[in-house]
Each structure stands twice: as C-alpha cells, then as structure tokens.
Amino acid sequence: MSRTCLRSSIINNKVKYMGSSYLTRGLERRNINITKIKYKKDLHPIIEEEGVRKNVVDVLVIGGGVMGSALAYLLSKHTNIKNIALLSENKDAENNLIYHLNGTINSGETDSNMDLQDSLRLLKYSNMLRSVVQGLPGGIGKECIAKRTKILLGLGEEENNVIEARFDEFKHFFPKISLIDGKEISKLEPKVAYLDNCLSKFRKEKMNGILLKDEYTVASYGLLSAMFKKLADDISFLKKSKISNYVDLKIKNIKRISSNGEIYYKVDSGEKSLYSRFLVINDIGNRFELVRELGYCSDWIVLNMFGKFQTTIKEGLKGVVNSMQNLSLPGSTPIYGFPEINSNQAIRFLASSYTLPIKWLLKSMNLSDNISINDASSNNFNLFKSAREKSLRSKVEKLEIKIPKLVSEQIIQGSKKIIPSLNLSQIKDKQQNFGISINQLLDVSGEKNRVILDRSKIHTDENLILNISHPNSGTTCIKSATDDMITICNKLGININEISLKADIPEYEVHESNFQDEA
C-alpha cells in the first residue's frame, strides 16, 4: 500500500484541481472560529468546545445520493480512513432527485448534442462505472444495470445525412457502434418504425440510426446508491472502521474551526453538531446559502426551475432510443426513451438536458419593478448582472420559475417522434405526475455570463469539495467519487491501496507524483 497521486482528468480544457482561482475568491471574508484541538496517540482529533469533548470524523459527505454513496464505498474499500459520516438532509427529496437523473449509462456516441471530444470523455467515465458495478461482490451489480440496445434515430434526409456524417467521425473510436437502416430499426424497435400499434403502416420518412449493442446502457441509480451504502457498511465492519449515516438532518449552518494551521468543519443542525477534517457537499444547488456562507460562488445565482421534464408509458421500447436535436431549432434539447429496470416494461421519456436555453429562461422571468424581461434577445442576459445586488438576488432565487410550456410540449412531441403511434392526450395525462424542481446555476461574475455547464465540481484550496449535480451525474458518479477520494487522501495524508484501485477501475490513470506539484 502506498501513497499515490492520481492525476485528475481535464474537463472542457479546464483542470479540475484549480488552486487559487476565481472559484476561491471571497476567502478573505470567511469566518473562522478558534477552538482548542487535542490529540491522543492512535486516536482521531478530539475537539473541546465550551468544555465538552467532541469526536471528529475524517470525512463528512453531505448528500447521500449516488455520488455521495459512491464516494463512501470507494473510501471504505480503497483507503484506511477509519471514520466516515454520510448525511442526507431530506431522504424523500434525495430519492426524487436520484429518480430524475438520466436513467441511462451515457457514453456519448448516441447523444446528438455531444461532439467527439465530449463523447470520448464520457465514454471513459461510463466505462469506469461499468467496471465498478460489474465487479461488485457476488454479481449483485447486475441488479442495477442492464444491457439494452441503444439507437440514435434519424428521420428524413437532413437527419439521415447528419447520422451518416456522425458515424463516419465516431466509428474509429467507438468500435461497438454500427450504422443501420430503417429495415434493421424495424426489427430492433418495431414501435419506432411503424405508425400504428398493429405494425401494418411503415413510417414514410427515410430512417437510419447509429446502433450500440452488447453494452450496459440502462441503470437504476436509486438501487445502485443503496447498494454502495450497504457495501460500505459491510467493508467498514470487516476493517473495524466506522460509517455513520444521518438521515433527515437539516443543516442550519457550517462553520470553520481552526487550530495550529488545521481547519475543521462544524456542521450544525440545531439538534446535533458534526465535526469533520474534510467536508464534501454534493448537489450545491440545493445548499447554495451554505456554500455562500463558506465564501464560495458569491457571483453565482441559483434559479428554481419547476416544470414537466419527463413522461412515462407502460410499454413500447425494447432498448434506448435517442432522437436528434431539432436542426431547425438550435435551442431545443433531444428527447430519449428507455425501459426502466425492474418496472414491468415501463418506458420513460426525458429531455437529454435539464438546462434550458437562456432565451426561454428570460421569458419565464418577470422581476416586477427591478427587471422586466419580455424580449428573447440574448443581450438581455446582461441584466442578470444587476442580480449581484443582494436583495435583488434574494428575490430572484425565491421565485419558482415555471418552465415554459414549450419545454413540456417538446417532450410530448419528442416522445411521439420516437413512437409515432402514441396518443398525445395519454402522454399529457401521464406527464402531470412528473413535476419537479431543478436548480439551475448561473455565473454572473464576468463579462460572459453563462449557465454552469462545463464544471461538475469545485476543488478548493482547503479541505472542502463542492459538487454540482447534472443529468449525467449517474454516469459520472465513479469518476467524480474517485477524484474526490484522491483529493481527500492527498489533503489528509491518508494511504490509498493502489493495487485494489487499479483492479476495480482500470480506466483510471495512476501517476506516482506529489499532489502539491500537480496542483
């Protein structure tokens, strides 16, 4: 067993270990409480606060969804960390968020809104997930993932040409894909190829597609999350370490406690306080005030987007089918359908991204006397700069911004594009059961204000990681958790079992180097 540094991959040409950057601005405003820290040989630090001795955990993970549970599993399996705490503020809300994650394992080749570079990156991350899940003891991982065909569907001459060009570009890097025509589609997905339930009327549009087969493409991330937690508990018991699970513990505040150059975190719910050497906060969009109080993301705005992001039907697809992005509507998002695992053939249709085009977002907002946005011009995005002012920002963030009807209609029309025999009224009725609030983050710190898309986490220059949820958080959960594990162990000086890690995740690159030099 040796201490090692694993080099973090670069996401969209930005190194994830950022050191001092605009993401760490505002640190000079942080409040740090000075508290006496006592150490005992072979024991974890003990905090003495107001005369009361408090135990300190090594790592506290806030958010016990698939990312948090994956991190707990990897830490328990591949490190000698002795004390981990996993905290879920609202179990029902957490389960709801997990359910609304992209229920497929995405590797990019059949996602029309991803270019080759992004697809290759996602392929690596998805293979990391597949490796870990297939390697779970006793083959239990196969309950969480399944092999289904996956098709990127092209309808009409224009889309067919795009499909052919994409296949020519991707085929050398994705050896499992093939180009198929309408006849082959009809054999694999008859409901897609025919206009009626009797399968007597073939679609008029010329069809083709990119097919991925013999690969794990769908997943139950709720089941996988529960499995990671159970395995982490079992491993900790065998290694005589400890994992504590705290459920429905609402956090009121987070404070830093400093002693002799070391920083600890006090997470307070009012009824209970937890102390940690390292803190990981997942899904920061739902905990944004806590993140701001820690001195981060002061120039970001969180928007509460509420609407119908998906619908479901009883049956109709055998595998995953992705539609093409509407070529005449650049702001549109592709729709895809997939069969749920262990759900009696239920089929879900989702938008491939919860992030909405800015012009739709602006049309949805009316800030009374402060800002009134009626024009869809992208120049109006500069009006968000006004929201840096605290009182206006608070007003914006308290709004429940209803998703334009156009988004729901896109999902309905996209579902019918995939299965033309669907009854539209039936889809609308089903869609009523799937209202959900999605937090969307906007960066208004510079001249180019933008939605936070190109970053999934913030590695700070202290013992703190902030993770941002996105629709592919399920697919990338092992990559994210592995990066977090490496950061935690290097910061705390804790060993990593390189041999077991390489066996578990062969896709992850191991480099014998000093972490500080890497940073």
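**Salt bridges, cores and a pocket in a predicted model**

A search of the whole structure finds 17 salt bridges, a salt bridge being a side-chain nitrogen of Lys or Arg within 4 Å of a carboxyl oxygen of Asp or Glu. The structure is a predicted model, in which local features need pLDDT of at least 70 and side-chain atom pairs count only at pLDDT 80 or more, while totals for chains, interfaces and linings use all residues. Residues are numbered from 1 along each chain as its sequence is written, and side-chain values use heavy atoms, with hydrogens and water left out.

The protein chain holds 15 helices and 29 strands; both are DSSP runs numbered from the N terminus, with helices (H or I) of at least four residues and strands (E) of at least two. Of its 519 residues, 57% count as buried, where buried means under 20% relative accessible area, exposed over 50% and partly exposed in between (1.4 Å probe, protein chains only). Among contacts (heavy atoms within 4.5 Å) with a separation of 6 or more, 75% are between residues 24 or more positions apart.

Three of the salt bridges can be walked through in turn. In the pair Asp-118 and Arg-121, the closest N and O atoms are 2.8 Å apart. These two residues are about one helical turn from each other, because they sit three residues apart in helix H3 (residues 116-134). Asp-118 is partly exposed at 23% relative accessibility, whereas Arg-121, at 15%, is buried. Asp-214 and Lys-147 form another salt bridge, with 3.2 Å between the closest N and O atoms. Asp-214 belongs to the loop between strand E12 (207-212) and strand E13 (216-219) and Lys-147 to strand E9 (residues 145-147), so this pair ties together parts that are 67 residues apart in sequence. Here Asp-214 is exposed, with a relative accessible area of 54%, and Lys-147 is partly exposed at 40%. The side chains of Arg-348 and Glu-340 also meet in a salt bridge (3.4 Å, N to O); Arg-348 is buried at 4% relative accessibility, and Glu-340 is buried at 18%.

Salt bridges with shared partners also join Glu-89, Lys-250 and Arg-287 into one network. Arg-287 is placed in the loop between E17 and helix H8 (288-293) and counts as buried, with 11% relative accessibility. Neighbours within four places in sequence aside, Arg-287 is in contact with Ile-62, Gly-63, Glu-89, Ile-281 and Asn-282.

Next come the nonpolar cores. A nonpolar core is a set of buried Ala, Val, Leu, Ile, Met, Phe, Trp, Tyr and Cys residues joined through side-chain atoms within 4.5 Å. The largest has 49 residues, and those with the most contacts inside it are Val-59, Leu-224, Ile-478 and Ile-488. Two or more residues of this core come from each of strand E7 (57-62), helix H1 (66-78), E8, H3, E13, helix H7 (221-238), E17 and helix H13 (477-492). Ile-478 touches Ala-70, Leu-74, Met-128, Leu-129, Val-132, Phe-228 and Ile-505, not counting residues up to four places away in sequence. Another core, of 27 residues, lies apart from the largest one and has Ala-85, Leu-249, Leu-274 and Ile-281 among its members. In soluble globular proteins, nonpolar side chains tend to be buried together.

Strand E6 (52-55), strand E8 (83-88), strand E14 (242-247) and strand E17 (273-281) each supply at least two residues of the lining.

Tyr-265, in strand E16 (residues 262-268), is buried at 0% relative accessibility. The C-alpha atoms of Tyr-265 and Ser-276 are 5.2 Å apart, although eleven residues separate the two along the chain.
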